[in-house]
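Here are my notes on the fold, for you to check against the coordinates. They cover strands and helix packing.

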Amino acid sequence: MAVARFALLLAGLLSLHHAFAQSLNNKITLAQALQQAQANRLELTNQRLQTQITESDEARRRAQWQPQLNAGADFRWNTQIQRSVIKNAPFANGQDLVLRFGTPFNNILNVQAEQKVYDAQSRIERSINRLNAENQQTTLETRNVEVRQQVTEAYYQTVFNREKQRLSERARLRAQGYLEQAQARFQAGTLLESEFDRFSLDLSNAELTYRNDQRDYALSLENLRYRINAPQPVEPADSLRALFAEFQTLELTAGNRPELRTEELNRQVNELNQRREQARLAPVVTAYGAYFAQQFSDAFNPFQGGTWFPYNYVGLRVNVPVFDGRQTRLNKQDYVRRAQINQNTLLQLKNDFDYELRAARNTLDQARENLAETQKNIAQAQNILAIDRVRFDAGTLLLADFRNSEYSLQQAENNYLRAVYDVLLGQVQVRKALGNL
């Protein structure tokens, strides 16, 4: 019996050790969360693949300027030879003459080569491919910014909810202690029943708040896990105050919004498309050549001597568009309009981002003012509580009044946490508006 109890105790200790080790392994910092999200988020992986696909367009363009070489073979068995008739052939005494063209077996081996010499569109297409590749890279940066913002906000929300849960647990324990003291006084006859019921209601409300904060924390953990696409549950390793102190040391410098670069690149591509449409009317020059070896034989024997007859040729082909139904003109007009749309969108984005930056800075300034105010309130609430503690221990202050002083400090702490959280979010918004998130 003792052995069984020892085995159960040992198993329990091992289980607790494994759970504790797993909890430590699943703790991640904000930097690790951002790194894991950039490695695991599928939309970023897809965008990186799309960037590689776009970069291969230039390789395909260069491949079109390599010599195009084709080899072929044609082994033909003419089961019925083609015939032609010469009526009243003078060299056949005016009789009709039937001629047979070809032999039963006609085999051909050939090699053909083409080489582009001049195409006005090629240089423009090279510039378009370069801009498209840069555009895809800029789109990847935009996606990275979006993911970083999502993960950062989710991380802050998780840490904030964890701090809220910790404060609500302390409030629940205090409410339980007040109820125990009130119960002792109620049994001693020094406390009214209505006041005792008020303490019971306070504990019930504190427990409800604690359960809600637990659910909020659990949901925020799931949201953080989803945002970084983690296979296992994770838990933040940073505290809210540590994050606030770290963020305060960062410099908020102006950068370049990737959305503006994207729109500018689109405008340049549309301008190049106008030039490419015009280049479609330019001639395309191609050099070509071919070598053929043709066999005529009455029997299938590719190695029979005297039956192979070679011929070859070289040439220069010039293709000059004459009339395309005004397609080039219509396409150029469309690209002119698209470039103008890009220019207008670029101006609109600049206005939007200027407003976003002003609004984010105003929100951040307000959050910082609220933070300074909550810090003053905490100091004042702590002083009041210290004085009321002395009065309560001396018996000159009612328990209900002392309870209110502790509730005031609790509310001040909650307000401080909210203010710190709002400042962190405000700094994230400002950094995004500046383009350096």
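Predicted model: local features only at pLDDT ≥ 70, side-chain atom pairs only at ≥ 80, totals over all residues.

The points below take the sheet, then the hairpin, then the helices.

1. The four-stranded sheet. Which strands form the open sheet, and in what order? The order is β2-β5-β7-β8, and the pairing is antiparallel. The edges are β2 (68-77) and β8 (308-319), each of which pairs on one side only. From one strand to the next, the twist averages 15 degrees.

2. The β2-β5 pairing. These two strands run antiparallel and are joined by 10 bridges.

3. The β5-β7 pairing. Strand β5 covers residues 105-118 and strand β7 covers residues 284-297. They pair in the antiparallel sense over 13 bridges. Gln115 has Ala287 of β7 as its bridge partner. Tyr118 stands opposite Val285, also in β7. As background, strands of a sheet pair through backbone hydrogen bonds, either parallel or antiparallel.

4. The β3-β4 hairpin. Strand β3 (residues 82-89) and strand β4 (residues 95-101) are antiparallel, with six bridges between them. Val85 faces Val98 of β4 across the pairing. How many residues lie between the two strands of this hairpin? There are five, and Asn93 in the turn has a positive phi of about 60 degrees.

5. Helix α4. This helix spans residues 120-188, which is 69 residues. From first C-alpha to last it reaches 103 Å. Gly189 follows α4 and has a positive phi, near 85 degrees.

6. Helices α8 and α9. As a reminder, two packed helices are described by the angle between their axes and the distance between the axes. Helix α8 (residues 327-394) packs with α9 at an angle of about 160 degrees, and their axes are 7 Å apart. Angles over 145 degrees count as roughly antiparallel, so α8 and α9 are roughly antiparallel to each other. The crossing of α8 past α9 is left-handed. By class, their contact has 21 nonpolar, 11 polar and nine charged residues.

7. Helices α5 and α9. Helix α5 is residues 193-228 and helix α9 is residues 399-434. Their axes come within 12 Å and cross at roughly 20 degrees. Are they parallel or antiparallel? The cut-off for roughly parallel is under 35 degrees, and α5 and α9 are therefore roughly parallel to each other. Their crossing is left-handed. On the α5 side, the contact is made by Arg198, Phe199 and Asp202. On the α9 side, Leu399, Ala400, Arg403 and Tyr407 make it. By class, that gives four nonpolar, no polar and three charged residues.

Conventions. Residues numbered from 1 in each chain as written. Heavy atoms only, no water. Axes fitted to C-alpha atoms, helices over the stretch in contact; angles between N-to-C directions. Parallel < 35°, antiparallel > 145°, perpendicular 65-115°, else oblique. Left-handed = near helix turned anticlockwise from the far one by under 90°. Contact = heavy atoms within 4.5 Å. Nonpolar A, V, L, I, M, F, W, Y, C, P; charged D, E, K, R; others polar. Expected span 1.5 Å × (residues − 1). Pairing = 2+ DSSP bridges.
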